[in-house]
Amino acid sequence: MVDASRHPKVDVRTFTEVERVEGFVGNFKVQLREKSRFVYEDRCNGCGECAEVCPIEVPNYFELSLAPRRAIDVPMSQSVPLVYNVDMDSCIECYKCVEACGELDAIDFSMEDEFVWEDVGSIVVATGFDHFDPTAMSEYGYGRFPNVITAIEMERLNNSAGPTAGELIRPSDGEIPERLAIINCVGSRDKRFNPSCSNFCCMYSIKNAVLLKQTYPDIDLSVYYMDIRTPSKGYEEFYNRAREMGIRFIQGRPGLITEDPDTGNLYVESEDRDLGRVTEREYDMVMLNQAAVPQPDVDSISSVLNIAQSPGGWFMEYHPKLRPLDTPTDGVFLAGACQGPKDIPSSVAQGSGAAARAGRVVHADEWEIEPVIAAVWEDRCISAQGKKCGLCERACPYGAIEYEEGKAPNIVTAKCHGCGGCVAECPQNAMTQMHFTDAQILAQMQTLLADKPEEKILAFRCHWCSYGGADLAGVSHFEYSSNERGLRVMCSARMDADFIYEAFRLGAGAVLFSGCHEQDCHYITGQRVGAHRAKRLLRRFERMGMTPGRFRVEWISAAEGEKYARVINEMQEVLDSIPREELLEEIEELRPDMARRARRMREVPQIEEASDFAEEIAEAHRAREPEAV
Amino acid sequence: MADHSSQAQTFADQVRAIPGGEHLERCYSCGTCVSKCMIQQKVEPEYNPRRLLRMVMMDMREEAFESPTTWLCSACDLCYPACPQEIHISEVIGAVKQLAVEAGYESPLETVSVDESLCSGCGICVMTCPYEAPHLVEKELDGVMDRLSEVDANKCMGCGICVAACPMGAIARPGVANEDIRAQLDAPRRNGAPRMVTFVCDWCLRADADVTLLESYPENVQVVHIPCTGRIDPEMALMALGSDIDGVLVCGCAPGECHYQRGTVVSSCKIGLLNRALDQMNMGDGRVRFVQIGTQDRGRIRSEVDAMMEHLVSWKEAE
């Protein structure tokens, strides 16, 4: 940290928050709030005389309230920069510190937060993780029994710069504990709090146990665990070393801790699975190895940076295997535990990787993006004609559309990822997506439904999930109806209501609307846009009197080949269950309504050409048909 | 009722098919349920819910049906809120028990019995039972058709809540009849110190040290063990106060921790009413006290007994 702060090309801003981010990859503008310390950074020399005279003592948050701090103090002795700050919540403004500072004149109570704008090329998010508060787990009595402490409190007690100068003492009476229990998985692998494994705590508990055993060789140390997970190089060896040192590992998750009110000693009740019976053991102190949880302010960070969160609140990577350092927003990268709990080696590796990826952006003169971006036909846009709209802006998960009333929207090309949500949402069909134009998709539909459309199941698949699901069904040899006709778009957000109406107008027997599961969406919130539209369509078709099951909405991941095959087969069963004459009758009955609803699509440029082209292909196809039979 | 006899179904499928039997497969054998369980602690060291779940998963039907775990669970649900996999263990055990009963196995527990010549068929027992064990049936008694209470021995957990509730005294549980309790209220007076009787339920004192402590009190502190405070009949307290005993302390489980689900709810209502009645008769003065001791309240019984004794001493002085 000190090295970084001294580096001529590194600018460390501590006590600073990112308020706003504008712009796009390579050209971000970031607004920073430099919080007021009430002490001038350039004048304070860190002598500490102000703290000495300060009469106010409050709990020190860095020491987890195990030690006091003055109202004017440094958070910790290794703070960078070593500048004192005033905790205004506790300061009584007696100005003794100002007197003590004297000539330096570094303290200024009139200081205010400053807002600055910075130009940056790329952003690396490394906001880390927080610790689960075990107070919620009443069975362990944290907060009620003074000798039950958390792993982080232990970290401070066992630190030579900590409040006890590295001496492990128990809070109730200051004695050095002779018997200590460490309980793992407190709040992790627990459906009540955090269902996932916190990744590093097994090793962390072993590390703590080994350190304590080295300092206090006579200590009786037990580690309660469900499973010890040592999946990296050298980890299992370290675990073995800990056992050889005499640290006791007990397989069993304690169900209850009780306290002897006279001695403050704790009784840990747990099943010892190796013994096959419940044991109640007495300890002087218990350490809870609590789960890693996302920082409490992840929501505001993800909205400022426009990055998504995985279930559980960790920041979501662009792709779990292929792009684990990137976010869906180009130029924003992830490093360390903010993306998911991880230990130090993994965090360092990811940090180095993220720095390299960020460097690529900073050093590039040009940036290549996918060609499937959106474009606007200004002459069709009603906003350009002075009417109120802005639907495209609302549909965009990336903030790539700059909308101003009375003007056609401006698409920031570098920000557009090509989901096509805006294109499908536009009621005027004033937008298009390169390589996925309405005309191109219409041409595909016409070709796919050219022959006996009432027998066909037209399946709209999103590129990232349901298309992969269909692919997997194929390579896994899961049989499904040969009447299925697949049509790929980038995202379910691109599945325009017009397409569905048009498919039914063309006489399709059934239509499948499929995409990613909500949490898997490749375009942050694209699926939600599509799902909302699909729900509306389902209701509309129900009102129109369509046989249920002819229009179906399913979310199918790339791993669900079996589901894709099953859905198509079920749709085939629906079609088989309707007598052919009735089906044709229903199609005819609904056709005028469908045509009316899809009419705007016919006004889109190039649509006629596409129609003609599709007709040509269908013609050629029909001509070949007898030979094929 | 669902058909559990199909050969194609595994034991686990059959258990899952019964409402409450779901989520078996979530269990990763952490042992939290066992370490929380009072039955394992007090009655049967072999009692082990996670192992029963394992037996179900491994298709060990007969062993599961014979396991004490199947029969002893009283659904106190101490384990359920602690289970990290959110398995409603008592309901899974209930599902296994249902299958065991269907397969002809019988509960080994000592249960209550109904004296049909006294039963008036009022149905109060049906209302109070936490386990739906008693029900009313049409029966011929001495040549006359009558509506009588009958207890399903496979459902009864022997808490005695119905025994205390029956207005006719028609239900009995061996060992805890009113006469048995009266026989225990014979504490001799020692050099003028107040006499008190402590009714303590079998489950609220988790730590062995607390049980031992209670036994170590001098003779003027009489301890009477009852299966559940739900078994407390206000008559018992009156009996005690009537037989020259100065105070009555009733100890039950903490709210939400009652071993028989709602025994403490019933008893707290009863003792509340009793105290009101005593106050109206000017006999109150806090001589009957109800305390609820939780699983984590190690050592609390001592302070409660001491506090009660202190109160009785000052009350006696004022007398």
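Two strands count as paired if DSSP finds at least two bridges between them. In this predicted model, strands β2 (residues 134-141) and β3 (residues 144-151) of chain B pair in the antiparallel sense over eight bridges. Within that pairing, Pro134(B) has Val151(B) of β3(B) as its bridge partner.

**Hairpin in chain B**
- Two residues lie between strands β2(B) and β3(B) in the hairpin.
- Asp142(B) takes a positive phi there, near 50°.
- In a regular strand, side chains alternate between the two faces of the sheet.

**Domains of chain B**
- The assignment for chain B gives domain 1 (11-102), domain 2 (113-172) and domain 3 (178-318).
- The C-alpha centres of domain 1 and domain 3 of chain B are 34 Å apart.
- Contacts link seven residues of domain 1 of chain B to nine residues of domain 3 of chain B.
- On the domain 1 side of chain B, the residues touching domain 3 are four nonpolar, two polar and one charged.

**Domains of chain A**
- Chain A is assigned domain 1 (2-123), domain 2 (130-293), domain 3 (369-435) and domain 4 (436-628).
- Taken over C-alpha atoms, the centres of domain 1 and domain 4 of chain A are separated by 59 Å.

**Nonpolar cores**
- The largest nonpolar core holds 83 residues.
- Val56(B), Val92(B), Val96(B), Val248(B) and Cys251(B) have the most contacts inside this core.
- Helix α7 (residues 89-102) of chain B supplies the largest share of this core, with seven residues.
- A second, separate core has 78 residues, including Ala424(A), Ala430(A), Leu449(A) and Ile587(A).
- Leaving out residues up to four places away in sequence, Cys251(B) touches Thr198(B), Phe199(B), Val200(B), Cys201(B), Cys204(B), Val291(B), Ile293(B) and Ile301(B).

**Pro49(B)**
- Pro49(B) sits in helix α4 (residues 49-57) of chain B.
- Pro49(B) counts as buried because 27 C-beta neighbours lie inside 10 Å, and the cut-off for buried is 20 or more.
- Beyond residues up to four places away in sequence, Pro49(B) touches Cys33(B), Val34(B), Cys37(B), Thr69(B), Cys79(B), Ile89(B) and Ile93(B).
- Gly263(B) is 214 residues from Pro49(B) along the chain, and their C-alpha atoms are separated by 23 Å.

Conventions:
Residues are numbered from 1 along each chain as its sequence is written. Chains are lettered from A and ligands numbered from 1 in the order in which they are written. This is a predicted model: local features need pLDDT of at least 70, side-chain atom pairs count only at pLDDT 80 or more; totals for chains, interfaces and linings use all residues. Helices (H or I, at least four residues) and strands (E, at least two) are DSSP runs, numbered from the N terminus. A residue is buried if 20 or more other C-beta atoms lie within 10 Å of its own, exposed if 12 or fewer, and partly exposed in between; C-beta atoms are placed from the backbone. Two residues are in contact if their C-beta atoms, placed from the backbone, lie within 7 Å. Domain bounds come from an automatic or database domain assignment. A nonpolar core is a set of buried Ala, Val, Leu, Ile, Met, Phe, Trp, Tyr and Cys residues joined through C-beta atoms within 7 Å. Ala, Val, Leu, Ile, Met, Phe, Trp, Tyr, Cys and Pro count as nonpolar, Asp, Glu, Lys and Arg as charged, and the others, Gly among them, as polar.
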